[in-house]
Amino acid sequence: MTTSHPLFTDDHEAIRRSIRAFVEKELRPHAEQWERDGDFPDDVFRRMGELGFLGLHFPTEYGGQGADYLTMLVLAEEMARCGSGGVSMAVSVQCEYVTPPILKFGTETQKQGWLVPAIAGTRIGALGITEPGAGSDVAGIATRAIRDGDEYVVNGRKIFITNGCRADFLLLVAKTRPEQRHDGISLFLVDTDTRGFHVTRRLDKVGMRSSDTAELLFDDMRIPASNLLGEENQGFRHIMWELQGERLSAAAAACAGAQLVLDDTLAYVRDREAFGRRVSDFQSTKHKFAEMQTMIDAARALTYETAWRVERGEYPVQQITEAKLLATRTHFQVADTCLQLHGGYGYMMEFGVQRAWRDSRLARIGAGADEVMLDYIARQMGV
Ligand SMILES: Cc1cc2nc3c(=O)[nH]c(=O)nc-3n(C[C@H](O)[C@H](O)[C@H](O)COP(=O)(O)OP(=O)(O)OC[C@H]3O[C@@H](n4cnc5c(N)ncnc54)[C@H](O)[C@@H]3O)c2cc1C
């Protein structure tokens, strides 16, 4: 199991123990209810901020714990144990999607205004890239932010925005030169109480049900020019940088989720009998487990090595893409095989395997669909 991996030091394991204790005591007991409610309380962010879990690898001067990047793996692995993919995803959005670009590209004022409260869990963030007319093709977005004096006027729509209903602020991706594609995009920090910001719909989803997913409308929304994050018209490059962290954290969560559903299913097939034998005694079952574990180990090894490279200061984009592709595909395939091994019970809502199956499907679309990942890898290979 992951806890004995040589990548992790005693410090990592101490962090792991404290996150695990929190997850088991404060999240896991409520997971079923939150899934049924289709929501979880904002207090989860505040509590995780209080415990220091939202800023593990962020500098102490901004309220972080000053630990290394590998703590991202520890957090993803332990959050997977909470039993609700929606909660894990919402937390990842806060600490692996929204806050890293503020740390990297933000001014000191922006770090104090948005990063510090996000790490403390007192302000919740969301990331607004996807639009009704453009998802995979980020450069094809239509939301405009047009400079007017010392403000930008924003008009447009976003869709599928995680944390979008509850967010206090949005990291917005918009066109500042609408006639351009990659060279006309900029990032902005937008407080959601700004006039002209509207949550138009809370979307109903197949999985990740405890997380909120919003459709947003910006109607002549005026934001101060000082809310521009990073360089004007360099937003495409900035958001591509953000996506690398997002993809690697998705890979880590997928490996952890796959291992958990495999372990649970192993216990189930050891107990369940058919034709006078335990289901685990069929050779086809043994082979399924052998294949699943091999896939998980390969995906995890790639994910760990990639995170280790990032921690060393490398920017291994192809490897991050491969890790995201392999780990998220593996998670879904493992969940699907595990559902099969549960037979009819696997299709019942009272058994957790169906949730793993529904939740794991998303990561093959979100943060870059499989096909986009494959395109990217092929391009890096010069194919
Ligand atoms: C639950 C959920 C949460 C999300 N959270 C967020 C969020 O917080 N913030 C945010 O900005 N976005 C979010 N997204 C959006 C997500 O990132 C997009 O759905 C994803 O990038 C795909 O974009 P799309 O849905 O527009 O699909 P499209 O771009 O329309 O693609 C549809 C399909 O076409 C195929 N395809 C696309 N491009 C290619 C290609 N180049 N080659 C071959 N085939 C291709 C793929 O099969 C792809 O799945 C979320 C989505 C979901 C479902």
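Is E78 buried or exposed? E78 is buried, with a relative accessible area of 1%, where buried means under 20% relative accessible area, exposed over 50% and partly exposed in between (1.4 Å probe, protein chains only).

## Basis of the model

This is a predicted model, in which local features need pLDDT of at least 70 and side-chain atom pairs count only at pLDDT 80 or more, while totals for chains, interfaces and linings use all residues. Residues are numbered from 1 along each chain as its sequence is written, and side-chain values use heavy atoms, with hydrogens and water left out.

## Overall fold

The chain has eleven helices and ten strands; these are DSSP runs numbered from the N terminus (helices H or I, at least four residues; strands E, at least two). A compact globule of 383 residues would have a radius of gyration near 21 Å, and the value of 21 Å for the chain agrees. That radius is taken over C-alpha atoms, and the globule rule is 2.2 Å times the number of residues to the power 0.38. Along the principal axes, the C-alpha atoms fill a box of roughly 80 × 45 × 40 Å.

Of the 383 residues, 54% are buried. Among contacts (heavy atoms within 4.5 Å) between residues at least 6 apart in sequence, 74% join residues at least 24 apart.

## Charges and salt bridges

The chain carries 44 positive and 54 negative side chains, and the centres of the two sets lie 4 Å apart. Lys and Arg count as positive and Asp and Glu as negative, without His and the chain ends; each charge is placed at NZ of Lys, CZ of Arg, CG of Asp or CD of Glu. The count of salt bridges comes to 29, each being a side-chain nitrogen of Lys or Arg within 4 Å of a carboxyl oxygen of Asp or Glu.

## Selected pairs

E78 and R20 form a salt bridge at 2.8 Å, N to O. This pair links distant parts of the chain, with E78 in helix 4 (residues 71-79) and R20 in helix 1 (residues 10-27), 58 residues apart. R20 is partly exposed, at 23% relative accessible area. Both residues belong to a network of salt bridges that links E13, R16, R20, E77, E78 and R81.

A second salt bridge joins E151 and R222 at 2.7 Å, N to O. E151 lies in strand 3 (residues 151-162) and R222 in strand 7 (residues 213-224), so the pair ties together parts 71 residues apart in sequence. E151 is partly exposed at 27%, and R222 is partly exposed at 38%.
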